Amino acid sequence: MRLLHSLSVLAALCAAPTAAQTAGNLAGQEPIVVTVELGRPGEHAFVPNKLRFETGKLYKLVLKNPSNDPHYFTSHAFSQMIFTRKVQVTQLRGDKTVPLAEFKGAIRELEVYPGHSAEWWFVPVATGRVTDLRCGISGSDGKTHADHGMVGEIVIE
Ligand SMILES: [Cu+2]
């Protein structure tokens with residue numbers, strides 16, 4: 001993991017004297033939407049399990065859980081390479097996704113329950129490749145979902 005020396009990225013994130021102003025600056029940007037499925041019925045996996053982001057861009061990572069089990073999206077290394085703008089809990093009503101709640105501040109991991117989804121809005125601020133993406137939930141067999149292959153890789157360029 002290597003911190004960027006790019007002044008433009010730092011300026012975009014740090015120049016504003018308050019967090020509210022930073023959020024305001026980012027609010028004007030259209031996010032790049034990336035969707036990851038957390039499991040599928042009978043399958044413990046991230047789909048896709050390789051994610052790629054670029055520093056300085058605003059992303060909306062949609063974490064959808066179409067499976068019958070709760071799942072975590074956990075990567076502590078990744079959480080240290082991004083600036084989180086917000087996390088939104090959403091609900092599908094008809095064909096519209098409606099936000100139910102919004103969280104701001106440093107986020108380390110998310111758990112999404114079966115049939116639901118959450119959106120992690122962030123800007124990557126450091127480059128690197130991390131392989132600690134995993135779901136640490138234990139199944140009835142005593143093994144974690146990660147043991148069953150629910151792991152992944154994240155690259156930030
Ligand atoms: Cu899981």
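Two strands are taken to pair if DSSP finds at least two bridges between them. Helices (H or I, at least four residues) and strands (E, at least two) are DSSP runs, numbered from the N terminus. The structure is a predicted model, in which local features need pLDDT of at least 70 and side-chain atom pairs count only at pLDDT 80 or more, whereas totals for chains, interfaces and linings use all residues. Residues are numbered from 1 along each chain as its sequence is written, and side-chain values use heavy atoms, with hydrogens and water left out.

The chain contains three helices and twelve strands. Of its 157 residues, 43% count as buried, where buried means under 20% relative accessible area, exposed over 50%, and partly exposed in between (1.4 Å probe, protein chains only). The accessible surface of the chain comes to about 8,500 Å², and carbon and sulfur atoms account for 52% of that surface; accessible areas come from the Shrake-Rupley method with a 1.4 Å probe, and for residues only the protein chains shown count as cover. A contact is defined by heavy atoms within 4.5 Å. Among contacts between residues at least 6 apart in sequence, 74% join residues at least 24 apart.

An open sheet is formed by six strands in the order β3-β2-β5-β10-β7-β8, with mixed pairing. Its edge strands, each pairing on one side only, are β3 (43–47) and β8 (96–103). From one strand to the next, the twist averages 25°, with axes taken as lines fitted to C-alpha atoms, for helices over the stretch in contact, and angles running from 0 to 180 degrees between N-to-C directions.

At one end of this order, β2 (residues 32–40) and β3 run antiparallel and are joined by three bridges. Glu37 stands opposite Val47 of β3. The two strands form a hairpin with two residues between them, and Gly42 in the turn has a positive phi of about 75°. Val47 is also joined to Pro48 by a cis peptide bond, with omega about 0°; Pro48 lies in the loop between β3 and β4 (50–53). Most residues other than glycine have a negative phi, and most peptide bonds are trans. Strand β2 (residues 32–40) runs parallel to β5 (residues 59–64), and six bridges join them. Here Val33 is opposite Lys60 in β5.

Strand β7 (residues 82–93) is joined to β8 by seven bridges, and the two run antiparallel. Bridge partners in β8 include Glu102 for Gln88 and Thr97 for Leu92. The hairpin of β7 and β8 has two residues between the strands, and Gly94 there takes a positive phi near 65°. Strand β7 is also antiparallel to β10 (residues 117–124), through eight bridges, with Trp121 of β10 as the bridge partner of Lys86.

Within β8 lies Leu100, which is partly exposed at 46% relative accessibility. Apart from residues up to four places away in sequence, Leu100 touches Val89, Thr90, Gln91 and Arg93. The C-alpha atoms of Leu100 and Ala118 are separated by 9.7 Å, the two residues being 18 apart along the chain.

The largest nonpolar core has 29 residues, of which Phe53, Leu61, Phe73, Phe78, Trp120 and Ile154 touch the most other members. Such a core is a set of buried Ala, Val, Leu, Ile, Met, Phe, Trp, Tyr and Cys residues joined through side-chain atoms within 4.5 Å. Beyond neighbours within four places in sequence, the contacts of Phe53 include Val34, Leu61, Phe78, Phe122 and Ile154.

Strand β12 contains Glu153, which is buried with a relative accessible area of 15%. When residues up to four places away in sequence are set aside, Glu153 touches Asn49, Lys50, Leu51, Arg129, Val130, Thr131 and Leu133.

The copper ion is coordinated by His71 (ND1), Cys135 (SG) and His145 (ND1), at 1.9 to 2.1 Å. Donors are N, O and S atoms within 2.8 Å of the metal (3.2 Å for Na, K and Ca), and water is not among the atoms, so sites may look incomplete. The donor residues follow the spacing H-x63-C-x9-H in sequence. Both Cys135 and His145 lie in the loop between β11 (126–134) and β12 (151–156), so the pair ties together parts that are ten residues apart in sequence. Cys135 is buried at 0% relative accessibility, and His145 is buried at 4%.
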